[in-house]
Amino acid sequence: MCGIVGYIGTQPAASEILLAGLQKLEYRGYDSAGIATISEGELHCIRAKGKLHNLQEKVASWNRPASLGIGHTRWATHGKPEEYNAHPHRDTSERLAVVQNGIIENYRELREQLRHHGHTFRSDTDTEVIPHLIADGLPRIQAEGLQAHHPSPLLEAVRQAVCQLQGAFAIAVISADFPDELIVARQQAPLVLGFGQGEFFCASDTPALIPYTRAILPLDNGEIARLTPTGVEVFSFEGNRVRKTPRTLNWNPVMVEKQGFKHFMLKEIYEQPGVVRTCLEQYLNGDWQPGMADSPIHLGLPTDFYNNLEQVQIVACGTSWHAGLVGKYLLEQVAGLPTTVNYASEFRYAPTPLRPNTLTIGVTQSGETADTLAALEMEGTRHSEGAPPPRLLGITNRPESSLSRLVPQIIDTHAGIEIGVAATKTFVAQLVAFYLLALDLAYTRQTLTPEQLHTLIEGLRQLPAELELILESQERYVETLAHDFVDTQDFIFLGRGINFPIALEGALKLKEISYIHAEGYPAGEMKHGPIALLDAKVPVVAIAMPGTVFEKVLSNAQEAKARDALLIGVTPMDEQEAAETFDALLPVPHVDELLSPLLTVVPLQLLAYHIAAHRGLDVDQPRNLAKSVTVE
Ligand code: G6P
């Protein structure tokens, strides 16, 4: 939610650097954008409603050379997406500017106090209190003079201001009266510093930094930093100096380019075979055979991690929650561990009563989702007397994110960064992580025989080639099929067992990017409600993979057909009965039912993508959504 970026250095190119950074952060919000720079002792602020190109046009016609500036791309929370609510926000003198990602919960009280002190407000946002609060404290701090514990009045004024803020926020501050300083602070919202040659950067996320540097330093909660053209100093909110060392990011700038694909989403769908391959290579012991002493899987978890484990609870949001549902199926049916899957936003205010020997798993592609992090933080502190300490595990493709600083154990899915707002490759990678975890547990708990384990692992190894086959053989066909649904208003997705979460995911993908109403339902439940929605105008997509519920799903599909619904089947290529049931087929290779979600989701991603593309919609940046949801 919202992206912030900042630059200080010797190049007079702050505007270009800020705009380029915002382009890389636009996935975080695109309701408005703005930059503020300082040149010739003056603060210049340019803002525009809507997507970044509106701001780029304004900046192109009014640019000043500057070597200090901040920028913002907004996902509106407080106040409509209008230019007057766009960041940066300024104090009454218009010499100090602030960008913020997050929500200031006590902004109403602060605004009233500041109004009494003579400050004038011009927006409906929570953020605007911050520049006024800093400006309010500055004269007093300047009058006190410099003291050893506050090396700069601006730093001290920001420090005192952030101590009065409640909520989750990351901010960047500049002032025309302090033209050699960029002050940043973090509390529960991401902020990374970048170290260049005589220039320093800050950003909500690393893609904005990697064109300039790979030396990065993530700030932790409760930290404030002062960036000058000569270096970076980090302090705690209490004013104590914090010693931190930058680390090198193992990334390549090409990873955040479209590389010839029309959209990031399509590129990321095509990356899935490679992502699965990489993840398996990382964690599978290639030479493992039944009878060997060690587990075939090495997740890098402590040796006693599974000891006495009695149950698992998963917390996640959105698509990651769907991955958690597949995880639950695997952990229960393969590893014999009772598992609950919780929306993090619900769990944090109504947690399951404490039970000893519970493993809590947080699943998040961004590693920054506020609700998921808060739920995990709560579980890290909830602890009954005499019980062993809580066991926490994160599953993410962003091992450098806030998640990894919150939980002691991480499974890095190696999917890399995902730019398309609708998650695709990160979902498939989260599934792979759950397969590996469940099989590792099954080995330890001996809930599968070595032969069964071997068969499933061999099945996993075939998946990259099978995914490639789906993409090669189906994309053109799905593109053509999608034409038929450009004007459709409702879709139903049905699945059962391990493919029920895939029905939910197929419906979510379609909703997110095509704005078509879609519902995912357990196929057996259709007769208890959604069947009333069916007629010839409502297509039904059913996932029917041979196994425990194959015949049942086909019967449920027939029930829909009897109500005139057009039936689309995600089913193996060679299934005669299924072929006769469905009006259109999205075929996938024949695989073990247990492994099938890794394949069945792909035609549904393609279907959603092509319907949205045919409708001429902005697939990578759908309306109202953001890739990284750092507010509650
Ligand atoms: C947003 C994204 C979704 C994502 C969800 C959870 O809504 O648009 O694609 O599934 O957040 O995000 P997380 O980063 O925690 O997986």
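Over residues 481–622 the chain is 38% helix and 19% strand, with end C-alpha atoms 22 Å apart; helices (H or I, at least four residues) and strands (E, at least two) are DSSP runs, numbered from the N terminus. The model is predicted, so that local features need pLDDT of at least 70 and side-chain atom pairs count only at pLDDT 80 or more, while totals for chains, interfaces and linings use all residues. Residues are numbered from 1 along each chain as its sequence is written, and side-chain values use heavy atoms, with hydrogens and water left out.

The segment 481–622 is one of two ranges, the other being 301–447, to which an unreviewed UniProt entry assigns the feature "domain: SIS". UniProt positions follow the numbering used here, feature names are shortened, and annotations may be inferred rather than shown by experiment. Residues 301–447 are 39% helix and 18% strand, and the end C-alpha atoms of this range are 19 Å apart.

| Residue | Protein atom | Distance to a ligand oxygen |
|---|---|---|
| Serine 320 | side-chain N or O | 2.5 Å |
| Threonine 364 | polar side-chain atom | 2.8 Å |
| Glutamine 365 | polar backbone atom | 2.8 Å |

Taken alone the ligand exposes 390 Å², and the protein buries 92% of that (Shrake-Rupley method, 1.4 Å probe). The ligand sits in the largest pocket, a placement that requires more than half of its atoms to lie within 2 Å of the grid points. A pocket is an open set of points on a 1 Å grid over the protein atoms alone, where a 1.4 Å probe fits, with protein on both sides within 12 Å along at least five of seven lines; lining residues have an atom within 4 Å of a point.

The unreviewed UniProt entry also places the feature "active site" at Cys2 and Lys627. Although spread over 626 residues of sequence, they cluster in space, with a largest C-alpha distance of 9.7 Å. Of this set, Lys627 belongs to the lining of the largest pocket. Cysteine 2 is found in the segment before β1 (3–8).

Two backbone features remain. The peptide bond from histidine 87 to proline 88 is cis, with omega near -5°, and proline 88 is placed in the loop between β4 (68–74) and β5 (89–90).

Notes
Polar contact = N/O pair within 3.5 Å; in protein donor to acceptor, adjacent residues only side chain to side chain.
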